[in-house]
Amino acid sequence: MDKKLKHLELVQGVINRMASNSFMLKGWAVTLVAGIFALAGKDTDKLYFLVSYVPVIVFWGLDAYYLLQERLYRSLYDRVRKTEEENIDFALKATKKEFNSDQNCYCSCLCSKTEVLFYLPLAIVCTGIIIITHF
């Protein structure tokens, strides 16, 4: 049972790092968008404000990637959990080819509830600020 527990701990460590990266990306996205609006003045060119969408789109894509990796490692965790003790090989390979499902695809992660409920309101806030400051 020690081999199985150690392997599960390794996989759980990777899952924790992916979740931590996702949390950090959300913080950086808000910080960069706020920084762009702070640096942009009312008399600034309207196109300058469109730059605020760049971090939203880029971080949304990166966050979806980390969510995909997290889901793949959760699938690996589940596989290791079901594996017999004598078959534990400490492999940490978790690819879409091995764990092919509807949930383990990039588009599913990009449109997941946690991603959409964070980045879509951030984009809407950007749009609102642009409208308020320029019209």
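Glu70 sits in helix H3, which covers residues 53-82. With a relative accessibility of 10%, Glu70 counts as buried, because buried means under 20%. Please keep in mind that this is a predicted model.

- Leaving out residues up to four places away in sequence, Glu70 touches Ile15, Met18 and Ala19.
- Ala64 is also found in helix H3.
- The relative accessibility of Ala64 is 0%, so Ala64 counts as buried.
- Beyond its neighbours within four places in sequence, Ala64 is in contact with Tyr106, Cys109, Leu110 and Glu115.
- Between the C-alpha atoms of Ala64 and Met24 there are 13 Å, and the two residues are 40 apart along the chain.

**How H3 packs against H5**

- Two packed helices can be described by the angle between their axes together with the distance between those axes.
- For H3 and helix H5 (residues 113-134), the axes come within 10 Å and cross at roughly 180°.
- Angles over 145 degrees count as roughly antiparallel, and therefore H3 and H5 are roughly antiparallel to each other.
- On the H3 side, the residues that meet H5 are Tyr53, Val56, Phe59, Trp60, Asp63, Ala64 and Leu67.
- On the H5 side, the residues that meet H3 are Thr114, Glu115, Val116, Tyr119, Leu120, Leu122, Ala123, Cys126, Thr127 and Ile130.
- Sorted by class, this contact of H3 with H5 has 13 nonpolar residues, two polar ones and two charged ones.

**The nonpolar cores**

- Which residues have the most contacts inside the largest nonpolar core? They are Tyr73, Leu76 and Ala94, in a core of 16 residues.
- Helix H1 (2-39) and H3 are the elements that give two or more residues to this core.
- H3 supplies the largest share of this core, with seven residues.
- Leu76 touches Val11, Ala91, Leu92, Lys93, Ala94 and Phe99, not counting residues up to four places away in sequence.
- Another core lies apart from the largest one and has 14 residues, including Ala29, Val33, Phe49 and Ile130.
- Ile130 of that other core is also among the H5 residues that meet H3.

**A loop residue to look at**

- Phe90 is placed in the loop between H3 and helix H4 (106-110).
- The phi angle of Phe90 is near 60°, which is a positive value in a residue other than glycine.
- Is Phe90 buried, partly exposed or exposed? Its relative accessibility is 34%, so Phe90 counts as partly exposed, between the limits of 20% and 50%.

**The chain as a whole**

- The protein chain has five helices and zero strands.
- Along the sequence, its pattern reads α-α-α-α-α.
- A compact globule of 135 residues would have a radius of gyration near 14 Å, whereas the protein chain has 20 Å.
- Taken along the principal axes, the C-alpha atoms of the protein chain fill a box of roughly 70 × 25 × 20 Å.
- Of the 135 residues in the protein chain, 35% are buried.
- When contacts between residues at least 6 apart in sequence are considered, 78% of them join residues at least 24 apart.

How values were computed
Residues numbered from 1 in each chain as written. Predicted model: local features only at pLDDT ≥ 70, side-chain atom pairs only at ≥ 80, totals over all residues. Heavy atoms only, no water. Helix = DSSP H or I, 4+ residues; strand = E, 2+ residues; numbered from the N terminus. Buried < 20%, exposed > 50% of the residue type's maximum accessible area, 1.4 Å probe, protein only. Contact = heavy atoms within 4.5 Å. Axes fitted to C-alpha atoms, helices over the stretch in contact; angles between N-to-C directions. Parallel < 35°, antiparallel > 145°, perpendicular 65-115°, else oblique. Nonpolar A, V, L, I, M, F, W, Y, C, P; charged D, E, K, R; others polar. Core = buried A, V, L, I, M, F, W, Y, C linked by side-chain atoms within 4.5 Å. Rg over C-alpha atoms; globule rule 2.2 N^0.38 Å.
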